[in-house]
Amino acid sequence: MKPLNRYRISRAGLALLPLVALAALAAACYNVGTENSWIRVQNMGSQAATVEVQYVNENGSVITSETSWPLAPGEGWTFSQAASPNVPKGFLGSAVLISDQPMAVLMAKDSDRGGGWYQAAGETIALNAGSGKLYLPLVTNRDGMLQDWNARFTVLNSGETTACATLIYTSNVTDSEVHWDPYRPSDSGAARLPGCPNGGMPIPPGGSIFRSWFTMGVGPGFTGSVRIELHKNDRGVAPARQLVAATADIWNTNTRHFASYRGLTFDEMGTDLVLPLLEREANGEWSTDFEIMNSDPSQPATITLDISGWDGSQNPPQFITKHSTFTVRASRMCFQNSDWFNCLMPGDTLPRNFYDGTGRIKSNKPIGVIISRSSNRSESYVNFRAIRTDQAVRKYYLPLVDKNALGVFNRTGWHSWVRIITADGGAANITVRYFGGGLPNGQTSYGLPMHRSATIIQPWDNALPASFIGSAVIESDRPIVVIVDVVAGSFPGDPDIMYNAVPAS
């Protein structure tokens, strides 16, 4: 019998991976909207696979399940909770995916804000092999001039023993730790909670803890990071053996901006990271910013930042590089469209219409980075992760790519584009392989050379039929990093989902 791969995703409609409609709960407490979720899976194995998804209620009972048809290697399948006749409306719960082949999983959510306004967010998930700490580099609470930028996050216990967690908030303003939930671990006078004699709050198996603006414990005007530290429980289970995962959403109360990313394990923090996309008013519209989180604020991190890309303000455009050094004790945000808070050397800036940019961050201490991308012409807003250079690989799985899917005219439906960069900035030979309906024998492929970066736009790709919904695999003869943007072209609001492609194991 083949071993089963089990992926636990979400619980209780909280921020980790909310399944199906949050309805009035979301509108009242989170001010996001009526939410639904969907799960996209892709077979990463070498044999056909059938995927089962089990839906679990708040009490831990399986209420129903659904099964895909047999998926060939590389093929994808979408489980839509809103369209499922088996999942009751208003369901709040978890899901477990079961397969006899390894799977790439994209967990996405969309929200109706009323008046025809739409917003979407999503991220690929990963099995957590155990990590004594988790990191959420970007968390905000009623920040900005209008106090309208917020975050919500969940820590989920996907293991079979109680997890004992402490949430530690670090501020960009003070560059230090500012709040401990439920108490500072070193405080010997604090009353220990049941099941956690060594500190932290107990999270039962399958349970989760949720924080948003009304439960964070940090007041308005906060932007920074959250570190989740685990402690040995009353059964003697060490932190590294407690299986937990975390996901954060960033959203705006006055607009439709909405994005998601998953928490980083300590293994994903690094001293040499690649940032696959940086921009400043690219095409007059797109800009990025990124949040740096130091894994241990007691030891300041010395940062070296190198940014390279094209200066589109010159005619013809010129390739430029920027270099800076600075120190981060806890957390710091770098705005590419700012002349003062860009983390470059004093007086240095990126030019307007800076495009096709990449970044490389080196540090003497492990750090993590979340990048945000937004438009100044619409409410599109996404998050994605920086990647350790030594974790860049030569093969990636892309669970979802589209070419005008469900649309009438080009770019009125769902469409996508794929950005590929070489980890070292050099040249590579790429093979693109698509899987899905309308392709000869269900798949097609082609090769292309690239230097430093390449962007493949599915609506312009003649290898794909119209209205294509499928998946892809990207292979290279050198280590690369891949991100994917999926856009619902005909929906007003924030229709963007950007996710990190899943590396082959």
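1. Pro-182 lies in the loop between β12 (176–181) and β13 (201–203), where helices (H or I, at least four residues) and strands (E, at least two) are DSSP runs, numbered from the N terminus. The peptide bond that leads from Asp-181 into Pro-182 is cis, with omega near 10°. A cis peptide bond also joins Asn-315 and Pro-316, with omega about 0°, and Pro-316 is found in the loop between β21 (301–311) and β22 (318–328).

2. A word on the basis of these remarks: this is a predicted model, in which local features need pLDDT of at least 70 and side-chain atom pairs count only at pLDDT 80 or more, while totals for chains, interfaces and linings use all residues. Residues are numbered from 1 along each chain as its sequence is written, and side-chain values use heavy atoms, with hydrogens and water left out.

3. Arg-142 has a positive phi of about 50° although it is not a glycine; Arg-142 lies in the loop between β9 (133–141) and β10, and at 22% relative accessibility it counts as partly exposed. The terms used here are buried for under 20% relative accessible area, exposed for over 50%, and partly exposed in between (1.4 Å probe, protein chains only). Asn-441, which is not a glycine either, has a positive phi of about 55°; Asn-441 lies in the loop between β29 (427–436) and β30 (443–451), and with a relative accessibility of 82% it counts as exposed.

4. Another loop to inspect runs between β23 (331–335) and β24 (354–375), and Pro-346 lies in it. Pro-346 counts as exposed, at 80% relative accessibility. Pro-346 and Ser-324 are 22 residues apart in sequence and 9.1 Å apart in space, C-alpha to C-alpha.

5. Which strands make up the open sheet of four strands, and in what order? The order is β14-β10-β16-β17, with antiparallel pairing, and two strands are taken to pair if DSSP finds at least two bridges between them. The strands β14 (208–211) and β17 (258–262) stand at the edges with a single partner strand each, so one side of each has no neighbour in the sheet. The twist averages 15° from one strand to the next, with axes being lines fitted to C-alpha atoms, for helices over the stretch in contact, and angles running from 0 to 180 degrees between N-to-C directions. Within this sheet, β10 (residues 149–157) and β16 (residues 244–252) run antiparallel and are joined by nine bridges, and Leu-156 stands opposite Ala-245 in β16.

6. Strands β24 and β25 form a hairpin with five residues between them, and they pair in the antiparallel sense over five bridges.

7. A search of the whole structure finds two cavities of 30 Å³ or more. A cavity is a set of points, on a 1 Å grid over the protein atoms alone, where a 1.4 Å probe fits but cannot get out, and lining residues have an atom within 4 Å of a point; grid points are joined across faces, edges and corners, and a volume is the space filled by probe spheres set on the points. The second largest cavity holds about 30 Å³ of space. Its lining includes Ala-120, Phe-258, Tyr-381, Asn-383 and Asp-496, and β8 (117–125), β17, β25 (381–385) and β34 (496–500) each supply at least two residues of that lining.

8. The structure holds eleven aromatic pairs, counted where rings of Phe, Tyr and Trp (its six-membered ring) have centres within 6.5 Å, with planes under 30 degrees apart called stacked, over 60 edge-to-face and the rest tilted. The rings of Trp-69 and Trp-77 have centres 4.8 Å apart and planes at 70°, so this pair is edge-to-face. The rings of Trp-310 and Phe-319 have centres 5.3 Å apart and planes at 70°, so they too form an edge-to-face pair. Trp-69 and Trp-77 also belong, with Phe-79, to one aromatic cluster.

Notes
1 Å grid on protein atoms, 1.4 Å probe; cavity = no way out; pocket = protein on both sides within 12 Å on 5 of 7 lines; lining within 4 Å.
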